[in-house]
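Welcome! Keep the picture open as you read.

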Amino acid sequence: MTSLSRVRLKSLSLLSLGMIGVMILLTACGGSSGTNTSANTSKDKKLNITVGGKLDTEAQLLTKMYVLLLQKAGFNVTEKAKLGTNDIVFNAINSGQIDLYPEFTATGLNRLGVTTTHDPQQDYQKVKQGYEKNYKITWLDPSPLNDTYGICTLKTTADKDHLTKVSDLASMAATKTIATPPDGKTDPNVLPGFKKVYGFDFPNTKVLDAALTYEAVKTGQADFNICYTTSSLIKQDNFVLLQDDKNSFPIYNPAPLVRMDTLSQDPDIATALNPLAPKLTTDVSIELQSEVTGGQSVSEVAHNFLTKVGLL
């Protein structure tokens, strides 16, 4: 082989090696890009979360807000609104049928058998610690909204008998009838614990659905009713809420109740829901419930509110 041929062969060999090197580099880069894309996709993939809720209008609104915020954050959400009563919804989260739902601090105290301190922060810490220890369920940030219990009556009755506070009922309670939702009868913080604080009780009670307690008073079947203090029916039906002047009823602040194993898989659940907490006040809840009773859907009211406060 001539020197010229050897030179040409060497040049071709070097060219081939160079091309092979480029191909290897491109393949490596392509493989690396594919791996990164896969990793990012895996990292960005959100959990499937099931959100439950109770039956009342306020609970439905809170449930819908949680669903909308989680969906915005990229979670795949199954909604189980109006799942049932306190016990039904708690059993659902405790057994893993749902991952989270809106709950109230005083309801949590009741389940734990703990007495309220009437201090919202102390009550919150008690339920948070108690639920984490006993059920492996935690509480996210609480709202200032306080949907506690109260005693209501028609404004005409309150005006006629000069009633402004619960203590004013002491001389007449024994001969009057009070209508109450089922939890007002069973919750130790409501009627069962009432006499200890005020020194009197209502021997004549009528247990009804919460909304029907108003009808009972309006039709004369009852004189007073145990009411939820954020209910839009108080204003709508021309009732008045008597002042709980001896602080018998505990503070009910709502917060998302979440399974700890679910939260540990994606802490962004808290990131998505906690900004809602300071936006929910007692006045806001009353207004939103009024919009629902006025004919708007729960979904519409929840979506409009979250948009208005800049969360959607």
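In which strand does Thr153 lie? The answer is β5, a strand that spans residues 149-154. Please keep in mind that this is a predicted model. The chain averages a pLDDT of 88, and 86% of the residues score at least 70.

- Where pLDDT is low, the predicted coordinates should not be read in detail.

**Thr153 and its surroundings**
- Thr153 counts as buried because its relative accessibility is 0%, and the cut-off for buried is under 20%.
- The side chain of Thr153 reaches the backbone oxygen of Asp223 at 2.8 Å.
- Not counting residues up to four places away in sequence, Thr153 touches Ala158, Val217, Asp223, Phe224, Asn225, Phe239 and Val240.

**The sheet around β5**
- Strand β5 belongs to an open sheet of five strands, which follow the order β7-β6-β8-β5-β9 with mixed pairing.
- At the edges are β7 (204-207) and β9 (239-241), each of which pairs on one side only.
- From one strand to the next, the twist averages 35°.
- Strands β6 (residues 177-180) and β8 (residues 224-228) run parallel and are joined by two bridges.
- Ala179 stands opposite Asn225 in β8.
- Helix α9, made of residues 210-218, packs on the sheet and touches β5, β6, β8 and β9. The direction of α9 makes about 150° with that of β8.

**The nonpolar cores**
- Which residues touch the most other members of the largest nonpolar core? They are Leu70, Leu100, Ile151, Leu169, Phe202, Ile269 and Leu276, out of 55 residues in that core.
- Helix α2 (residues 57-72) gives the most to this core, with eight residues.
- Leu169 is in contact with Ile151, Leu163, Phe200, Phe202, Phe224 and Leu242, leaving aside its neighbours within four places in sequence.
- There is also a second, separate core of 15 residues, and among them are Ala92, Ile137, Ala255 and Leu257.

**Pro102 in strand β3**
- Strand β3 covers residues 100-104 and includes Pro102.
- Is Pro102 buried or exposed? Pro102 is buried because its relative accessible area is 2%, and the cut-off is under 20%.
- Leaving aside neighbours within four places in sequence, Pro102 is in contact with Gly52, Gly53, Lys54, Ala59, Leu62, Thr63, Tyr66 and Ala255.
- Pro102 and Asn253 are 151 residues apart along the chain, and their C-alpha atoms are separated by 10.0 Å.

**Two histidines with positive phi**
- His118 is found in the loop between α4 (105-112) and α5 (120-135). Phi of His118 is near 65°, a positive value in a residue other than glycine.
- With 34% relative accessibility, His118 counts as partly exposed.
- His162 has its place in the loop between α6 (155-161) and β6. Although His162 is not a glycine, it has a positive phi of about 55°.
- His162 is exposed because its relative accessible area is 64%, and the cut-off for exposed is over 50%.

How values were computed: Residues numbered from 1 in each chain as written. Predicted model: local features only at pLDDT ≥ 70, side-chain atom pairs only at ≥ 80, totals over all residues. Heavy atoms only, no water. Helix = DSSP H or I, 4+ residues; strand = E, 2+ residues; numbered from the N terminus. Buried < 20%, exposed > 50% of the residue type's maximum accessible area, 1.4 Å probe, protein only. Polar contact = N/O pair within 3.5 Å; in protein donor to acceptor, adjacent residues only side chain to side chain. Contact = heavy atoms within 4.5 Å. Pairing = 2+ DSSP bridges. Axes fitted to C-alpha atoms, helices over the stretch in contact; angles between N-to-C directions. Core = buried A, V, L, I, M, F, W, Y, C linked by side-chain atoms within 4.5 Å. pLDDT = per-residue confidence, 0-100.
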